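Me: Can you walk me through this structure? I'd like to start with the core and then get to the charged pairs.

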Amino acid sequence: MAVKKNLKSLILTDSAGKARTLKKFLGYSYTVMSTDGFLKGLPKSRMGIDENYLPDYITIRGKGPLLAELKKESLNARRIFLATSPDMRGEFLARQFCEIFGVNQYSNCRMWFEEMTKDAVKSSLENARPIDDKLADAFQAKQIIDKFVCHKIGEYLSYKIYRGVKVGRFRAMLLKLINDFQPCKKI
């Protein structure tokens, strides 16, 4: 007679510390695993954004074995919950995890808690909600602007100043320039 395996629900977090704390709160009825941040990202060596401004995400170097382990665990899970940070970045990560692990982002899979207490975690598990596309899209737009502006300005600075100059993040400076821009008045 075969022994029937009791399937656990899987909770994915974006940090190892949060995963350890959730394990303490939820016990053995849940499997809690950390992704250690992003599993996929924009490539570093090229733009990674097509002419329609759609990103081309690739698996981050070194995350392949972790991704394989997480996929294997997700196949054995009764249900998958996403407990990423309660902000735009966390919402984007949750949506990315839905795409990677085949979770319906419109199902009640997203845990949202702003404090790491047992009551808050249990309450967020009971009141899980769908992914908020507006928050995830806002983070993705910020990411694309950063990449696009840095890449284009980097090309320009390499041409004008010296080859190989590093640009850094220009979004704040760009928004200030746009905000301060005053059209010239005709005299």
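Below is a short chat about the nonpolar core and the salt bridges.

Me: What should I know about the model before we start?
Reply: It's a predicted model, where local features need pLDDT of at least 70, side-chain atom pairs count only at pLDDT 80 or more, and totals for chains, interfaces and linings use all residues. Residues are numbered from 1 along each chain as its sequence is written, and side-chain values use heavy atoms, leaving out hydrogens and water.

Me: OK, how many residues are in the largest nonpolar core?
Reply: 22, and Leu 12, Ile 80 and Phe 101 are among those with the most contacts inside it. A nonpolar core here is a set of buried Ala, Val, Leu, Ile, Met, Phe, Trp, Tyr and Cys residues joined through side-chain atoms within 4.5 Å. Buried means under 20% relative accessible area, exposed over 50%, partly exposed in between (1.4 Å probe, protein chains only).

Me: And what does Ile 80 touch?
Reply: Not counting residues up to four places away in sequence, Ile 80 touches Leu 10, Leu 12, Ser 74, Phe 101, Val 103 and Cys 109 (contact is heavy atoms within 4.5 Å).

Me: Switching topic: how many salt bridges are there?
Reply: The whole structure has 6, each a side-chain nitrogen of Lys or Arg within 4 Å of a carboxyl oxygen of Asp or Glu.

Me: Which residue does Arg 110 pair with?
Reply: Glu 91, at 3.0 Å from N to O.

Me: Which residues form a network?
Reply: Asp 14, Lys 18 and Arg 89 are linked by salt bridges. The Arg 89 to Asp 14 bridge is 3.5 Å, N to O.
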